[in-house]
Amino acid sequence: MKIEPDADLRALTAPYGTPKVARSISQIASSFGGFFFVCVAMYLAYGWFFWLVPALAVVAAGFLVRIFIIQHDCGHGSFFKSRRANSFVGVCCSLVTLAPYASWRRQHAGHHGIWNDLDRRQSGADIYSSCITVAEYEALNRHQRWLYRLGRHPIVSNILLPPFVFILLYRVPFDTAKSWRRERRGVFITDIALVAMVLVLGLLIGFERVAAVQLPIMVIASIIGVWLFSVQHRFEQSYWVRHDEWNFNQAALLGSSHLKLPRPLQWFTGNIGFHHVHHLNPHIPNYRLQECHDANPVMSEAPVLTFWSGLRQGRFALWDEHLRRMVPFRRTSGAA
């Protein structure tokens with residue numbers, strides 16, 4: 001598959017990069033409204049129908065993922081035309097997603113600048129969109145290979161780590177440069193606001209009830225969100241090249257998957273399955289991604305994954321520069 005490197009694909013996406021205030025406000029209302037409604041139902045069910053709480057937690061987690069997509073759009077300046085409006089809504093989102101807005105926004109901007117460039121990979125903290133090559137893995141000693149494999153094992157990376165990252169790791173400015181003073185300050189301000197919210201809720205309805213409702217939601221939502229991010233960047237037919245071969249069009253359309261989800265899941269995930277379109281133009285609000293995709297046939301060149309095929313991508317962990325695709329650990333000489 002070859003995407004014309006000189007084609008002005010960003011120009012094709014430009015008409016869709018203007019947010020529509022009514023749709024943005026409607027999405028805020030449906031996402032936050034749905035989330036708070038289900039949370040209230042969970043609190044009410046806690047005392048009488050506790051068996052309903054886990055089932056409702058899945059629904060609430062879906063709304064929380066949708067709220068995170070709003071925060072993601074605000075971070076790109078695509079949800080409203082106004083920078084202040086984006087910042088205000090983004091910060092509000094962060095108080096329920098637990099991801100400090102300013103810090104997360106700047107970290108994520110770095111991802112958009114260097115993705116799929118083997119010579120400009122991000123730090124080791126990024127285990128979901130970055131990778132190492134087969135040759136680099138085989139050059140590690142036995143202990144280093146074991147640690148690398150442990151961190152990328154699907155159960156560890158997709159089940160155990162996501163809640164740890166959102167609930168605990170985001171409470172400190174990890175992997176954040178000391179010069180990023182505004183972002184580091186934002187982490188602690190977010191923490192203070194979260195402590196205040198938990199204290200008020202706990203004193204009003206009981207800390208045990210708050211934990212029984214909010215923790216399952218956060219655990220489920222973080223697992224879903226991290227899986228979405230991972231499968232959109234690390235999949236078998238992905239695209240990684242050295243810097244002298246890298247070009248924007250191919251990195252966007254071939255290095256980001258088109259994750260086709262059933263309509264209800266597409267709604268809850270804010271159309272983020274059209275991730276190739278998002279990488280071509282991060283200024284397109286999530287509710288216009290499909291519109292842009294459907295209007296431009298070249299978008300169909302992106303690798304397509306379904307929900308079920310996406311679940312199988314977790315085993316692809318290394319980039320093979322000879323085969324030009326992601327491969328499992330067992331395909332290496334250092335597999336043992």
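**Salt bridges**

I started with D119 and R242, whose side chains meet in a salt bridge at 2.8 Å, N to O (a side-chain nitrogen of Lys or Arg within 4 Å of a carboxyl oxygen of Asp or Glu). D119 sits in the loop between α5 and β1 (132–133), R242 in the loop between α10 and α11 (248–254), and the two are 123 residues apart. Helices (H or I, at least four residues) and strands (E, at least two) are DSSP runs, numbered from the N terminus.

Before going on, I noted that this is a predicted model: local features need pLDDT of at least 70, side-chain atom pairs count only at pLDDT 80 or more, and totals for chains, interfaces and linings use all residues. Residues are numbered from 1 along each chain as its sequence is written, and side-chain values use heavy atoms, with hydrogens and water left out.

I checked how open the pair is: D119 is partly exposed at 45% relative accessible area, and R242 is partly exposed at 24%. My cut-offs are under 20% for buried, over 50% for exposed and partly exposed in between (1.4 Å probe, protein chains only).

The structure holds eight salt bridges. Another one joins E136 and R121, with the closest N and O atoms 2.7 Å apart. E136 is in helix α6 (residues 134–138) and R121 in the loop between α5 and β1. I also looked up E291 and R288, which meet at 3.1 Å, N to O. Here E291 is partly exposed at 34%, whereas R288 counts as buried at 7%. Through shared partners, salt bridges join D119, R242 and E321 into one network.

**Core**

Which residues have the most contacts inside the largest nonpolar core? I found F35, M42, F166 and I217, in a core of 50 residues. Such a core is a set of buried Ala, Val, Leu, Ile, Met, Phe, Trp, Tyr and Cys residues joined through side-chain atoms within 4.5 Å. α3 gives the most to this core, 12 residues.

I then listed what F35 touches (heavy atoms within 4.5 Å): among them are F63, L64, Q214 and I217, leaving out residues up to four places away in sequence.

**Helix α3**

I went back to α3 and counted 24 residues, with 35 Å from its first C-alpha to its last. Just after α3, G77 takes a positive phi of about 70°.

**Last check**

Is W48 buried or exposed? I have W48 in helix α2, and W48 is exposed at 66%.

Methods: Expected span 1.5 Å × (residues − 1).
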